[in-house]
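The structure is shown first, and the description follows.

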Amino acid sequence: SACAWSLHPYRVVFRDVHAAFRSEDVHSAAHALGGRVEHVSATSARLHLPDDAAAATLAERSVLVRYVLEEWGAGATLRDAVSQARIPSDGPLANGASWRIRVQQAGRRTGLVNAHDPILFKALGGVLDELPGPVRLKDAEEDVAVLLRGEEVVVGRVVAKGCASTVLSQYRVADRCYRGSTTMDATLAFVTASFARVRPGDLVLDPFCGTGGNLLAACHMSQRAGIGADADARTLLRGTARCDGGSLKLDARLRKAQNMANVGGRREKKRGEPSLPSDASIRRNFLDRGLDPPRLVVSDVAALDGRLDDEEYYFDGVVGNATVVADAIVCDPPYGVRERVDVGVEGAAPWRPALFELAAKRLRAGRRLAFWVPSSQAAAPELPSEIGRELPPSLSVVAAATQALGGTRARTLLAVEKS
């Protein structure tokens, strides 16, 4: 981490989505950049980062961020914020860059818009007097931002805009050639990778890969080919040479899982599953987005530790694999609601002990497993404690956030770290 004296104040402004996940998302992003988070509110977070480049990287890696500002001042009122404002002497605005004023209005769920209120200009007078550059309402080099929405009024300079509009449009589930009825929403897949603190160059493992939704987002962040495993060989290997006539080495438990959705030897279409093109595959989803396809292992989670280093269980056409030590594990295990699997939605599911043992053995020290657990909304607050009691000594729960689903149901994203 950077020394405290070398860190500078910034303000992250959140998008109006998934409020429960914002705190851990911004903490994970700041940690990876050598920064620290001071405070997270309902609409923004105050944090300290090394420089503008780190702030821009944070905006590129979090789909929950709308803007990142260089914070000049903050307070309960605009007058308080202006009185606290300090413009860095080495910044572009102190050295003649053109500028305009943008404002986020109180009570409005919008981004920054051009300011036209003369009362606002008058209140900012002392700050504006310090800016030597010209005012340009169009094509200004820098935006002076005033946040009037939230617990505090904030004045600062826009350093970076969030990546959501560009990244999420590229990863929309509906636009993928291969997707399933339970493929993770793109936003939450990126949030899962953030909880796992995936960094560039990381090797990411998904033991419940399915159609590869979570792994796709994680590999975008790692920019490295990951590893996907699943007991359902037909889902995992669709579009590969092994899908129909391949010789798969299966034990009885895995064979049962593979044939779970078969009727009369033919695959039965699952409820809610979309129609797919003939070449739909995990590999194509990755290649369509400029990513290296993952290695694919046919295995349930209980047998996976014994198969990760065995080429007989890889069916992706790639030869050679070193001993697997994962830098991050991400997964969305089956809930037993829409999938035909024997997994309850309350209490300890049968996959949990095997997943935790896999993480204890295969996860690098200091790194994380991020996974989803279904429950009732009433039971969700107790899940971190419940999971904590099930973990091996080397693992501990470090973060949790819950999404309410229909009716009384919910699902919780948990992050577990290996010591």
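## Terms and basis

A polar contact is a pair of N or O atoms within 3.5 Å; within protein, one must be able to donate a hydrogen and the other to accept it, and residues adjacent in sequence count only if both atoms are side-chain atoms. The model is predicted: local features need pLDDT of at least 70, side-chain atom pairs count only at pLDDT 80 or more, and totals for chains, interfaces and linings use all residues. Residues are numbered from 1 along each chain as its sequence is written, and side-chain values use heavy atoms, with hydrogens and water left out.

## Arginine 11

Strand β1 (residues 8-14) contains arginine 11. Helices (H or I, at least four residues) and strands (E, at least two) are DSSP runs, numbered from the N terminus. The side chains of arginine 11 and glutamate 152 are joined by a polar contact of 2.9 Å.

Arginine 11 has a relative accessible area of 2% and is therefore buried (under 20% relative accessible area; exposed is over 50%, partly exposed in between; 1.4 Å probe, protein chains only). Beyond neighbours within four places in sequence, its contacts (heavy atoms within 4.5 Å) include Ser44, Arg46, Tyr67, Glu71, Leu147 and Val154.

## The seven-stranded sheet

Seven strands form an open sheet with mixed pairing, in the order β13-β10-β9-β14-β15-β17-β16. Strands β13 (295-298) and β16 (395-404) are at the edges; each has a single partner strand, so one side of each lacks a neighbour in the sheet. On average, neighbouring strands of this sheet are turned by 20 degrees against each other, direction ignored.

Two strands pair if DSSP finds at least two bridges between them. Between β10 (residues 227-230) and β13 there are four bridges, in the parallel sense. Aspartate 230 is opposite valine 298 in β13.

## Helix α8

Helix α8 (residues 213-222) packs on the sheet and touches β9 (204-206), β10 and β14 (326-331). The direction of α8 makes about 180 degrees with that of β9 (axes are lines fitted to C-alpha atoms, for helices over the stretch in contact; angles run from 0 to 180 degrees between N-to-C directions).

Nine of the 10 residues of α8 are buried, among them Leu215, Leu216 and Met221. Their cover includes α2 (52-61), α7 (186-195) and α12 (282-287).

## Phenylalanine 356

Phenylalanine 356 is in helix α14 (residues 351-362) and is buried, because its relative accessibility is 1%. Apart from residues up to four places away in sequence, phenylalanine 356 touches several residues, including Leu369, Phe371 and Leu395. The C-alpha atoms of phenylalanine 356 and leucine 395 are 8.0 Å apart, with the two residues 39 apart along the chain.
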